[in-house]
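Student: I would like to go through the strand pairing and the nonpolar cores, and to hear what each term rests on.

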Amino acid sequence: MYSQLADELESLKATDLYRRLRRVETETGPWATVEGRRMLMLGSNDYLGLASHPRVREAAKEAVDRWGAGAGGSRLTTGNLAIHEELEAQLAALKGSEAALLFTSGYLAATGTIPALAGRSDLILSDALNHACLIDGCRLSGAEVRIYRHGDAGHARELLADRGRFRRALVITDGVFSMDGDVAPLPHLHALSRETETWLMVDDAHATGVLGQQGGGTAEYFGLPQNDIIHMGTLSKALGSQGGFIAAPTVVVDYLRNRARSFVFDTALTPAAAGAALAALAIVREEPQRRDKLMENARLLRELLKIETQDTITPIIPVLIGEAQKALDLAETLERQGIRAPAIRPPTVPSGTARLRLSVTAARRSWM
Ligand SMILES: *Cc1c(COP(=O)(O)O)cnc(C)c1O
């Protein structure tokens with residue numbers, strides 16, 4: 001009955017694009033036991049080591065004790081807990097925005113927000129290497145989507161030449177690109193958005209808590225006025241929890257609260273995730289040295305591997321291989337030596353650019 005699917009899976013296997021899960025049997029951190037073997041973990045997004053931090057764990061437990069295991073309803077019906085509002089206020093503060101809105105994942109923040117902000121009469125400019133959740137949000141919106149060359153604000157400008165034909169225009173970019181570790185040319189995109197009355201949305205999944213003096217992300221790193229940008233983020237990377245958010249001017253947040261379908265029709269974030277994120281935000285504020293340690297570890301690993309990357313300010317280090325099969329072989333070789341460095345293949349990255357995607361964490365004290 002499902003033989004077509006089986007056939008397709010076979011062809012994925014034949015082209016080295018089949019994916020399988022690896023079972024992690026201890027808590028993940030710099031080291032973890034994967035399918036019975038102790039491994040050096042070199043691909044985690046838990047950049048600051050907060051997922052297993054005692055204070056963050058404790059806050060998750062306290063939130064469960066106080067609020068229960070689930071929120072019991074959507075935010076607009078019965079599930080709007082005080083802890084959600086507290087977390088939104090702190091996320092807005094971190095981002096230098098007037099307001100913030102929680103979603104239950106970054107993926108849902110993107111796929112709810114983009115179609116709420118743009119529709120059939122509108123134009124979206126999207127970086128060629130944007131994350132899949134942004135691509136899906138663009139597709140759902142029904143807007144005209146134009147892809148500009150990766151990191152090329154000049155190309156984005158060219159594609160905006162007939163801006164006047166559209167009701168609205170929206171530029172969307174990752175802040176730090178998830179599989180390349182480079183940083184978007186945000187000052188140029190920001191200037192462009194000002195000049196052409198185009199909204200600017202930045203997916204800061206990998207920059208929140210990581211870039212900027214306060215950990216505010218890409219806009220803070222560049223010293224841009226943060227309030228006119230629509231920041232998207234996740235609680236599930238440097239903040240070590242789970243959930244997503246938008247931080248933006250009050251009017252945008254108010255609009256999304258009414259119009260973003262993945263907000264309106266989704267049960268509110270679980271209290272444990274909110275509590276954990278609040279504790280993580282406190283640590284992000286109080287312990288900037290974690291960001292220094294993260295950058296130091298990234299520098300060390302780049303040096304160790306003799307990898308020159310364009311941007312040396314992010315914890316993501318891509319080792320470009322090319323063919324999917326070669327990347328897979330290398331990852332398996334490393335795995336036999338006790339190193340978990342995931343191979344990233346299409347469709348996560350463009351065809352012919354398979355790679356190992358390494359990342360470091362501030363929790364790693366040494367490389368031994
Ligand atoms: C991980 C990631 C997301 C999705 O966030 P989740 O909270 O895990 O759903 C969105 N954008 C980028 C760039 C990411 O790397």
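Tutor: Within β2, Arg-37 is the bridge partner of Val-34. The model is a predicted one, in which local features need pLDDT of at least 70, side-chain atom pairs count only at pLDDT 80 or more, and totals for chains, interfaces and linings use all residues. Residues are numbered from 1 along each chain as its sequence is written, and side-chain values use heavy atoms, with hydrogens and water left out.

Student: Why are β1 and β2 called paired strands?

Tutor: Strands (E, at least two residues) are DSSP runs numbered from the N terminus, as are helices (H or I, at least four). Two strands pair if DSSP finds at least two bridges between them; four bridges join β1 (residues 31–34) to β2 (residues 37–41), so these antiparallel strands pair.

Student: What makes β1 and β11 edge strands?

Tutor: The open sheet has the order β1-β2-β11 with mixed pairing, and β1 and β11 each pair on one side only.

Student: What is called a nonpolar core, and how many residues has the largest?

Tutor: The term means a set of buried (under 20% relative accessible area, 1.4 Å probe, protein chains only) Ala, Val, Leu, Ile, Met, Phe, Trp, Tyr and Cys residues joined through side-chain atoms within 4.5 Å. The largest such set has 56 residues, and Leu-87, Leu-91 and Leu-235 have the most contacts inside it. Helix α11 (residues 271–286) gives the largest share of this core, 10 residues.

Definitions and conventions: Buried < 20%, exposed > 50% of the residue type's maximum accessible area, 1.4 Å probe, protein only.
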